[in-house]
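Reader: I have a model open and want to learn how to read its features. Where do we begin?
Author: Let us look at it together.

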Amino acid sequence: MSTPESSSCCGCFLTLRDRCPRPQGLFNLLITKVCMLALLFGVVWSMTGSQCLPGGNLFGIIILFICAVLGGKLVGMIQFPTLPPFPPLLGMLLAGLVLRNVPYVTDAVYIDTHWSAALRNVALAVILTRAGLGLDPSALQRLKAVCVRLAVGPCMVEACIVAVVSHYLLGLPWVWGFILGFVLAAVSPAVVVPSMLLLQSEGYGVEKGIPTLLMAAGSFDDILAITGFSTCLGMAFSTGSTWMNLLKGLLEVVGGMVAGLILGLFICWFPSKDQEDVVLRRTVLLLGFSVFAVFFSHVVGFAGAGGLCTLVMAFLAALGWKTDKAPVAAMVGRSWDFFQPLLFGLIGAEITIATLSPSTVGLGVACISLGLVVRLVVTFLLVHYGGFNMKEKIFISVAWLPKATVQAAIGSKALDMAREEGDEVLIKYGLDVLTLAVLAILTTAPVGALGIGLAGPRLLHRQVKDEPEGGTTSQDSNVIGQEKESVFYESKL
């Protein structure tokens, strides 16, 4: 039996519980998240010890990830009345750059170079998987010659121009010049694709398929740049005669494609549709094979084969799954949302401003600028016979400028391999390639995003979805509303 004292205590407790206000809304959410973070830190600290404290490797990775996410959020919030917002990846890159170059903070936020290289390679595998899943063969068949010219021409010409200019201005060997050229020649899907989707939803350029053309050609452009980069990378770290190095580069291309073909066919058949959680299992197998291919290619000495294997495997898997690839692509996209802040933050953390040579930065900007000018001209000329008017040609040329994702993914790969070799000369070449890749991201990503956002509503024809059936509308009213529609689109973008 309960005693009178215990009954009175329970009654007092119930009365106090009913009368005390309970936290709600933002305050409750803040307390909950703080407690969850503190609990997570306590669990990790109890298992890892000093690695989770300032100066430890795990502490540095976590702080970098949090700062990169916050930096991306803050930059994405910067928005002017008639201008589109800046790409969040700029904030992620700047966060890593700040953590690396601020005194005292650098000592507390320490990240081991092997961990940094490993995480960037995982992010590279995720990017290549997304690129392979995003290839649209039906779009290539519809657009045919224009898509091929737009994907191949600007990429190859810019890579060659950058290789020649960097050889004479920066003193890079020819093979390293072409490594830099293919790093800088790739267009950024992280900037182009979201902008094209917004243009497409608003009806700009839809009549002639310009957003579809740029999204499809962008995937092939990236694959061509990664293929050229992988081939030159294998040649740069090979020993022997020039012909043997060239033969090894070709063997890496063929071997990567054959391995991707085998793994792609395997993933098409396993797991079967009758299994439970088939989407999750397909995603795990696809990402697992991708990461394994990238790392295993380093182990066997064919570093360029892993990326090609991942691209071919993801492309064949998407062809086999047909309409079932959408949920897998969505799950891969969510994994990219996690690795994107890590990738750009780690890339920014590789740059030490105090050790940069002003001549390298100046000549690097000149090299990037010359490559962009040539790319603009070549793009304009290659779409000359594609049925586009003058304004549409100018827009396509401007939309083909931004660089970010591929440069962050492969820009540091040569430096990582040079560090494994321990050759100071190769490390210097790798640092030059990485420095120019970061400069290209910082300069072309915001300019390209702003150029697409400003030029799209002004240079592209808008296809109206709902037109009145009875009679024609007044032309004056369309002209009056055009300026408002442009401003609305830019603010929305």
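Author: Start with rings. Rings of Phe, Tyr and Trp pair if their centres lie within 6.5 Å. One caution: this is a predicted model.

Reader: Which residues form one aromatic cluster?
Author: Phe65, Phe338 and Phe339 form one.

Reader: How many aromatic pairs does a search of the whole structure find?
Author: The search finds eight.

Reader: Which parts does the pair of Trp176 and Phe237 tie together?
Author: Trp176 lies in helix α9, residues 174–185. Phe237 lies in the loop between α11 (210–236) and α12. The pair therefore ties together parts that are 61 residues apart in sequence.

Reader: Are Trp176 and Phe237 buried or exposed?
Author: Buried means under 20% relative accessible area. Both Trp176 and Phe237 are buried. For Trp176 the relative accessible area is 2%.

Reader: Why is the pair of Trp176 and Tyr429 tilted?
Author: Look at the angle. Planes under 30 degrees apart count as stacked, over 60 as edge-to-face, and the rest as tilted. The planes of Trp176 and Tyr429 are at 50°, so the pair is tilted. The ring centres are 5.7 Å apart. Tyr429 lies in helix α20 (residues 424–459) and Trp176 in helix α9, so this pair ties together parts that are 253 residues apart in sequence. Tyr429 counts as buried, at 17% relative accessibility.

Reader: What does the side chain of Ser297 reach?
Author: It reaches the backbone oxygen of Val294, at 2.7 Å. Set aside neighbours within four places in sequence, and Ser297 is in contact with Phe302, Ala303, Ala305 and Gly306.

Reader: Now the surface. Which residues form a nonpolar patch there?
Author: The patch is formed by Met244, Leu247, Leu251, Phe292, Phe296, Val299, Val300 and Phe302. Together they have about 780 Å² of accessible area. Phe302, a contact of Ser297, belongs to this patch.

Reader: Which helices each supply at least two residues of the nonpolar patch?
Author: α12 (242–269) and α13 do. Met244 is in helix α12.

How values were computed:
Residues numbered from 1 in each chain as written. Predicted model: local features only at pLDDT ≥ 70, side-chain atom pairs only at ≥ 80, totals over all residues. Heavy atoms only, no water. Polar contact = N/O pair within 3.5 Å; in protein donor to acceptor, adjacent residues only side chain to side chain. Contact = heavy atoms within 4.5 Å. Patch = residues over 30% accessible without salt bridge, like charges linked within 9 Å, V, L, I, M, F, W, Y side chains within 5 Å. Areas by Shrake-Rupley, 256 points an atom, 1.4 Å probe, with all protein chains shown as cover. Salt bridge = Lys/Arg side-chain N within 4 Å of Asp/Glu carboxyl O. Helix = DSSP H or I, 4+ residues; strand = E, 2+ residues; numbered from the N terminus. Phe/Tyr/Trp six-rings, centres within 6.5 Å; stacked < 30°, edge-to-face > 60°. Buried < 20%, exposed > 50% of the residue type's maximum accessible area, 1.4 Å probe, protein only.
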